[in-house]
Amino acid sequence: MSLFLKLLFRNKLAGFGAVVLAVIVVLALLTPILPLHPPNATNTANRFLRPLSDGHLLGTDHLGRDLLSRLMWGTRLSLAVGFAAALVAGLLGAAIGVMAGYFGGRTDNVTMRGVDMLMAFPYILLALAIVAVLGPGLLNALIAVAVVNIPFFARNIRGVTVGIAHREFIDAAKLAGMGHTRILLTEVVPNIVPVVVIAMSTTIGWMILETAGLSFLGLGSQPPQADLGSMLGEARSALITAPHTSIVPGVMILLIVMSVNLLGDGIRDALDPRLRSGALARPMATTRVERAEAPVPKGDGLLRIDELETQFQVGPRIYKAVNKVSLELKPGECLGLIGESGSGKSVTALSVMGLVASPPGVITGGAVRLNGQDLIGAPYELLRSLRGRKVAYIFQDPLSTLHPLYRIGDQLIEAIRVHEPVSHAQAHKRAVKLLEDVRIPNAAARFRAYPHELSGGMRQRVGIAMALANDPDIIIADEPTTALDVTVQAQILALLSDLRRSRGLAILFITHDFGVVGQLCDRVAVMYGGRIVEAGPTADVLAAPAHPYTARLIACVPELGGGRRVMAAIPGLPPAVDDLPPGCAFAPRCEKAQAACRTGEIALQGEARKVRCLFPEVAP
Amino acid sequence: MGGYILKRLLSAIPVLLGITVIVFLIMAMIPGDPATAILGSYATPENVARLNRHLGLDEPLWKQYFIWLGNLMQGDFGRSFALNRPVLDEILDRFSATLILAGTAFVLCSLLGILAGVVSAARQYGLADKVITFVVILGISVPSFFLGMMMILLFAVQLRWFPVSGMYSIWGGGDLPDLIRHLTMPALALSVVATGVIARLSRGAMLEVLRQDFIRTARAKGVHERRVIWGHALRAAMVSIIPVLGIQAGFVLSGAVYIEMVFQWPGVGRMLVDGILKRDILLVQGGVVFIAACYVGFNIIVDVAQAWLDPRIKT
Amino acid sequence: MTIALKSTNLAKTFDIGKRLIGPPRAQVHAVHPVSLEVKTGETLGIVGESGCGKSTLARMLVGLTPPSAGTIEIEGKALNRADPAAFGRLIQYVFQDPVSSLNPRKTIQQIMEVPLRLLHGLRGRALDDRIAELFDAVNLRPEFLTRYPHEFSGGQAQRIGIARALAASPRILILDEPVSALDVSVQAQVLNLLAALKSEFNLTYLFISHDLAVVEAVSDRIAVLYFGSVVETGPAEKVFAAPRHPYTKLLADSAPVVGKPLGGAQAGELPDPLNPPPGCAFAGRCPRATDLCRAEVPDLRPVEGDQFAACHHPLDP
C-alpha cells in the first residue's frame with residue numbers, strides 16, 4: 001500500500017489531481033456547515049449579479065440565487081451521483097464479466113451476446129430510453145448512466161478473466177481440491193481487483209460528465225434542486241448576457257473531471273506492473289550510447305567487438321548485461337556464443353547494430369568495428385544503411401519476429417528495396433529466388449502467404465531468406481532454432497550450414513545448446529554473468545574445457561544414448577547481473593574457488609584458447 | 001472477403017431484431033396511457049378505449065410487437081402526435097443534419113486522434129508527448145456542451161468569426177460555404193472528447209506495438225525509422241485502434257445530442273429530447289430504432305475494415 | 001508389480017468454431033484413443049514434438065480436461081471423469097511454467113496450505129509441520145514461505161510447484177515438461193531432486209518432455225507420440241538406441257549431439273490437423289511409406305519383446 005502511494009505521488013500530475021480532488025471533496029462534504037446563502041432562496045431584485053458583488057462572491061443567477069452556494073450544493077450532488085454510478089456499474093459489470101469469463105461456454109456465449117446487443121446502441125439512446133421510462137430525475141439519470149456503462153465493464157473484465165482462468169495456477173487450485181466458488185473468490189477475484197479499480201478510476205470522470213449531460217438536457221435533477229449539469233442547462237439561455245452563470249458551473253465540472261482523470265491515470269500507472277518496471281517504454285531506433293572513449297583497436301578482422309559494455313538502467317538499479325566483452329569474427333567463420341539465460345549473449349549480439357531496446361539499454365563502453373569502422377555511437381543513417389546490408393539478423397521466434405499483417409513476399413521485397421533502388425518487379429523476382437534458396441516448396445505461391453499461414457519451420461526459413469536478401473557479410477543468428485521442434489531444428493541447421501558454405505557468410509551464432517555449437521561452429525565463446533569466461537576452437541573447448549563453469553555445464557547436458565543416470569548439476573543459481581560479486585562471478589558455485597577468486601579482476605588469458613580463471617582445468 | 005461481408009451482414013439480423021425487442025419492451029414499460037396522452041385528460045373513457053383499439057393497444061404485448069415490427073419493415077414508423085406528421089419523415093429530415101455534424105466530427109477526431117497518438121508515442125517523454133498528453137487530458141475532461149458554449153462566447157460573440165447557432169443562415173444562406181461556417185464550431189466541440197480518447201488509445205497501442213519483436217526485425221532490416229513508425233507500427237496498431245473508432249462513433253453520435261441543443265442544430269438528438277419531454281413515444285421509439293440500426297450498419301463497416309486490415313480474422 | 005495408472009482408449013476431440021446451437025464447424029482429434037499402463041514405482045517417459053497431444057493427454061490423466069472417450073483407472077479403481085479434486089489425492093501435476101502455476105497474489109505459505117487443508121483436512125500445528133517437512137524434502141529454506149512467487153527464480157519456483165504437488169500425498173505425479181523452462185545447470189538440479197523424491201515417497205512418474213536425452217535419462221519406459229497417437233513404446237534403453245518406428249528414428253537422428261555431423265534433416269512437417277490424411281500420419285514424411293501406409297492406420301503391435309511400434313514396415317534393430 002505504501003509502495004502504491006509512493007508510486008502514485010511520484011507522478012506529479014496525479015499528485016496534483018489528488019490534491020485538487022481532495023480539496024473539492026472536503027469542501028463538498030463541509031457545504032452544509034459552511035456559512036453560505038440558502039441555495040434555493042430566490043431574490044429577483046438581485047438577478048445576474050456579477051462575481052465579486054457584495055455578499056455574493058460568485059454573483060447570482062437568473063432568479064437571484066447565490067451562485068457560490070448553488071455551486072457547492074451542486075458539486076455535492078454531482079460528485080455523489082458520479083461516484084455512485086461508477087461503483088454500481090463497476091461492481092455489476094465486473095460480476096457479470098467474471099462469471100462469463102470464468103465459466104465460459106454457454107454462460108459466456110449468452111451473456112456476451114446480450115452485452116453486444118446493449119453495446120449496439122449509441123449509449124445515449126439507451127440512457128434516453130431509460131430516462132423516458134423512469135421519467136426525468138437525478139436518481140433515474142444515475143440509473144441510466146450506470147446501466148449504460150455496465151456492458152463496457154463486463155466486456156473488459158471478462159477479457160481479463162478469460163486470461164486468468166486459463167493460467168496454470170487455476171488448474172493447480174482445482175487439483176488442490178478447490179471448488180468453483182472458492183477458486184473464484186480466492187484465486188480469480190484478487191487478480192481482477194486491480195483491473196476493476198483501474199477501470200473504475202478511469203471512468204468515474206466520464207460518468208460525472210454523463211450525469212451532468214443528462215441534467216443539462218433537463219432529464220436529470222429537477223428544479224429547484226440543481227447539480228452542476230442542470231445549473232449549466234439553466235444558464236444557457238443567458239449565455240450571452242450573463243456568461244458567468246455558465247462559466248462557474250462549467251469550470252467546476254472541468255476541474256472535478258480533470259482531477260479525477262489525472263488521479264485515475266496515476267492509479268492505473270501505479271497498479272500496472274508493466275508500467276511500474278518501465279517495460280512500456282518505447283525502444284528507440286538505436287541503442288543509447290554513453291561512452292567516454294573508444295578503446296584502441298586490437299587488430300583487424302571483419303567484425304571486432306572490443307570491451308563492449310551494455311547495461312540496463314532501470315530506476316536506481318544497473319544491470320551489467322554485457323561486461324567488457326571482446327570477440328572477433330573472420331570472413332566465412334562461424335562463431336558460437338553460448339551461455340545460459342541472463343548471461344548476456346543476446347544483448348551482445350543486439351549491441352552490434354544498436355538494436356538493444358533503449359530505454360532501458362545503454363551502451364556504456366567499448367567498440368564494435370565492422371571492417372575497421374566503429375559502429376558504437378555512429379550516426380543513425382550510417383547504422384541503418386549497414387543493417388541488413390552488411391550485417392543481418394535472424395531472431396528466435398519467427399512468429400513474433402515477422403510482421404503479422406504483411407505478406408511474407410512483401411516483407412522480403414521491402415528488405416531488398418530498402419537498400420537497393422530496384423524496381424518492384426525485379427525485387428519480386430529476387431524475393432521468389434530467395435524463398436527457393438531457403439528451400440521453401442512452392443515458393444511463388446507461398447510468396448503471398450501471411451506468416452500465420454506458415455508452420456514454424458517455414459517461418460524461420462522466411463526469416464533466413466530475409467537475412468540473405470542483400471547478401472550480407474555477416475549473419476547474427478540469435479537462438480534461431482530454440483523455438484522449433486527438434487526435427488525442424490535439424491532441417492534449419494543443415495540449411496544454415498549449407499548457405500554459409502555456399503555464400504561465404506560469417507555467422508555469429510547465439511545459443512544455449514552445446515550440441516548445436518558442436519555441429520555448426522568453428523569457434524566458441526562461453527559467457528557467464530555478462531563476461532566471456534572461455535573461448536577457443538569448438539572441438540578443443542568441448543573436448544577439454546578449461547574453465548570450471550564450461551566443464552560443469554557440459555557435464556550437466558544429458559546426451560542421448562547415455563541411459564538412465566543421475567545427472568551432474570551445478571549447485572546454486574546464476575548471478576544477478578545487478579549485483580555481481582567481486583572477482584570471478586562463478587566463484588560462489590565453484591568447487592575449486594579460493595580466496596583469490598573472490599577479489600579483484602581476473603583477466604581473460606591466452607591466445608587461440610582463452611580462459612578467465614586462476615585455476616583452469618587444463619592449461620590454455 | 002465477399003463471404004466475410006455476407007456473413008457479417010447476416011449476423012446483424014439477430015442484433016437488429018434484438019434492438020427492436022429491447023426498444024419495444026422499454027417503451028412498453030413507460031407508465032401512463034398513450035391514448036390519454038394524445039386525447040388529453042378530459043377525454044371520455046369511451047374515446048380512450050376506441051383510440052386504444054385503433055392503435056392496437058388492446059392486443060397482447062407480443063402481438064403488438066409483431067404488428068409494430070411489421071409496420072417498421074414497411075417503413076411505417078407511426079405518426080408523431082406532437083408534430084402531427086409521420087415519424088419517418090421527421091427522422092429523415094433531421095437525420096441528414098445529424099449525419100453531417102457527427103460525420104464531420106468523426107472524421108476530425110479519427111484523423112487528429114491517431115495523428116496525436118502516433119506522434120506522442122514516437123516521442124515518448126519528449127516535449128511533444130508532454131504537450132499532447134496534457135491537451136488530451138484537458139480534452140477528455142471538458143464537457144462538450146460547456147466547451148460549445150464557451151466557443152460561442154469567444155468565437156461568435158466576441159470575435160464574430162462564426163455564426164452563433166443554426167445550420168444555415170436564414171437569409172442568403174444554404175450553400176456549402178455557409179454550411180461550413182455554421183458547422184465548424186459544433187463539429188470541433190463535438191470531436192474534442194473523442195479526439196482525446198482516440199489519441200490516448202492510439203498512443204498506448206503504438207507503445208505496445210513498438211516493443212514487439214517484428215519492429216526490431218524491421219529495424220534490423222534497415223527500414224527507415226519514419227517507415228517503421230508510420231508503416232510497420234501504425235499498421236499493427238490500427239488493429240486495436242479500429243474497434244475503438246467503432247465505439248467512439250457511438251460516442252460522437254451520442255455527444256451530438258448535447259451539441260445540437262447548444263448550437264440549435266436541427267438534428268435527431270434535439271428531436272429525441274423534445275420527444276421524451278413531451279412523451280411522444282412513437283417518435284422516440286422510431287428515432288431510437290433508426291439510429292441504432294444505422295450504428296449497427298456502421299459497425300459492420302468497421303468490422304469489414306478490420307478484417308481487411310488483419311488477415312488473421314477471416315479464418 | 002501392480003499397475004498404478006491405466007488408461008484405456010482415452011481420446012480427446014476438440015470442437016472448432018462452436019455455435020450457439022447446432023454442431024461445431026469442425027473437429028480436431030487432439031488425442032486418438034490411447035491405452036497406457038504405468039506400473040507402480042515406474043517412470044514412463046512420453047516424448048513428442050509440439051502439437052502431438054502430449055499435454056492434452058496429461059491433462060486428461062489428472063482430470064483437468066474431460067476426455068471425449070475412454071477410461072482412467074488408478075490402482076485398479078476407475079475414476080470419475082471430471083472432478084479434479086477426486087483425482088487430487090491420487091494423482092498430481094507439475095506444470096511446465098513454474099511461475100505461471102503460482103498465484104501471484106498469494107504467499108508461498110498460502111499456496112502450500114490449500115491442498116493440505118482441502119485434501120487432508122490439516123489445521124494448525126500439523127499443517128505447519130507438514131509444510132516444513134515438504135519444504136525440507138525439496139531443499140527450500142523455510143523463510144521462503146512468507147514471500148510472493150515473483151521473488152523466485154524458475155528453478156526455485158519449480159521446487160515450490162513440486163512441493164505443492166507432493167502436499168496432496170499423491171501416488172502418481174504427472175510431470176509436464178517440468179524442466180523445459182529452466183537452464184541446463186538448474187535443470188539437472190531439479191531432475192536429481194525428482195529422482196530422490198521418487199524413491200523417498202514411493203512415487204510413480206509420468207514424465208513428459210520434448211527433450212529426448214532428458215526423457216531417456218529419467219525413464220524406465222518410453223512412449224513416443226506423433227500426431228495424437230502412440231507410435232512406439234518400449235524400454236528406455238532400447239527405444240532411441242534401436243528405434244523401430246521411422247519417426248522415432250528421425251527424432252533420435254535429429255537431436256544435436258556434439259561430434260555428430262549435421263544430419264537427419266528431412267523435409268516435411270506435421271499434417272494439417274483439420275484435414276488429417278487417411279492411413280499413417282507419418283506416411284508423408286516417411287522414406288519407407290507404401291500404399292498400405294497411406295490407406296490404413298497401423299495399430300500398435302509388439303515388434304520384439306516389450307517394444308511396440310505402430311508401423312506397417314517397422315525398422316530392423
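This is a predicted model: local features need pLDDT of at least 70, side-chain atom pairs count only at pLDDT 80 or more; totals for chains, interfaces and linings use all residues.
In chain A, 68% of the contacts with a separation of 6 or more are between residues 24 or more positions apart.

**Chain A: fold and dimensions**

- Chain A contains 22 helices and twelve strands.
- Its radius of gyration is 33 Å, well over the 25 Å that the globule rule gives for 620 residues, so chain A is more spread out than a compact globule.
- The C-alpha trace of chain A spans about 105 × 60 × 60 Å along its principal axes.

- Of the 620 residues in chain A, 57% are buried.
- The accessible surface of chain A amounts to about 24,000 Å², and carbon and sulfur atoms contribute 60% of that surface.
- Chain A carries 58 positive and 49 negative side chains. The centres of these two sets lie 2 Å apart.

**Chain B: the setting of B:S110**

- B:S110 is located in helix α5 of chain B, which covers residues 87-122.
- B:S110 has a relative accessibility of 10%, and it counts as buried because this value is under the 20% limit.
- When residues up to four places away in sequence are left aside, B:S110 touches B:I198 and B:L245.
- Between B:S110 and B:D58 there are 52 residues in sequence position and 49 Å in space, taken from C-alpha to C-alpha.

**Chain C: paired strands**

- Strand β1 (residues 3-16) and strand β4 (residues 69-74) of chain C run antiparallel and are joined by five bridges.
- Within this pairing, C:L5 has C:I74 of β4(C) as its bridge partner.
- Strand β4(C) also pairs with strand β5 (residues 77-78) of chain C, in the antiparallel sense and over two bridges.

Technical notes: Residues are numbered from 1 along each chain as its sequence is written. Chains are lettered from A and ligands numbered from 1 in the order in which they are written. Side-chain values use heavy atoms; hydrogens and water are left out. Helices (H or I, at least four residues) and strands (E, at least two) are DSSP runs, numbered from the N terminus. The radius of gyration is taken over C-alpha atoms; the globule rule is 2.2 Å times the number of residues to the power 0.38. Buried means under 20% relative accessible area, exposed over 50%, partly exposed in between (1.4 Å probe, protein chains only). Contact means heavy atoms within 4.5 Å. Accessible areas come from the Shrake-Rupley method with a 1.4 Å probe; for residues, only the protein chains shown count as cover. Lys and Arg count as positive and Asp and Glu as negative; His and the chain ends are not counted. The place of a charge is taken as NZ of Lys, CZ of Arg, CG of Asp or CD of Glu. Two strands pair if DSSP finds at least two bridges between them.
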